[in-house]
Amino acid sequence: MRGFETAEPLGLAEARTGTGQLRRSILVTRTWPGDSVENLLGSLTDPDRSGLLSAIRDLVDSLHRAGFRDRNLDLRNLLARHTPPGNWLVAKIDSPRRVLRRQGHRADRLVMEDRDRLGRDLARHELPNLW
């Protein structure tokens, strides 16, 4: 979607109040062929881990340049798969708190919060911050 890896949407269901307010929604997607980054990290060699972390940094920077602020940026919400020779595809899932801004890279408060949140998650896995 818009040049980013994503799970293909198959259907959407919503429950709304009588006034039209959204109470619950469910998005059904096709399975994306990869695994949670959180699950992958423990099984990777240092070069693969380094490549994956670089791909994550590139994805997050690209999302921010596109105006996307996730506000739920955790390793468990990133899916990845290895693509020879030595590359990684990374997809972001589960963004219920996202905010959209005009395109262009601006290090606003929400960008910094995304980076800080991901940095804390990386530190929990004894990995370096990406910024």
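The buried side of helix α2 is made up of Arg49, Leu52, Leu53, Ala55, Ile56, Leu59, Val60, Asp61, Leu63 and His64, where buried means under 20% relative accessible area, exposed means over 50% and partly exposed falls in between (1.4 Å probe, protein chains only). This is a predicted model, in which local features need pLDDT of at least 70, side-chain atom pairs count only at pLDDT 80 or more, and totals for chains, interfaces and linings use all residues. Residues are numbered from 1 along each chain as its sequence is written, and side-chain values use heavy atoms, with hydrogens and water left out.

An α-helix has 3.6 residues a turn, so residues three or four places apart point the same way. The cover over the buried residues of α2 includes α1 (37-40), β4 (68-69), β5 (78-83), β6 (87-92) and α3 (109-124); helices (H or I, at least four residues) and strands (E, at least two) are DSSP runs, numbered from the N terminus. As for length, α2 (residues 46-65) has 20 residues and should span 28 Å at 1.5 Å a residue, which agrees with the 28 Å between its end C-alpha atoms; the expected span is 1.5 Å times one less than the number of residues. After α2 comes Gly67, with a positive phi near 95°.

Between Pro84 and Pro85 the peptide bond is cis, with omega near 0°, and Pro85 sits in the loop between β5 and β6. Two non-glycine residues with positive phi are Asp94, near 55°, and Glu126, near 60°. Asp94 belongs to the loop between β6 and β7 (99-100) and is partly exposed, at 44% relative accessible area. Glu126 lies in the segment after α3 and, at 76% relative accessibility, is exposed.

Conventions:
Contact = heavy atoms within 4.5 Å.
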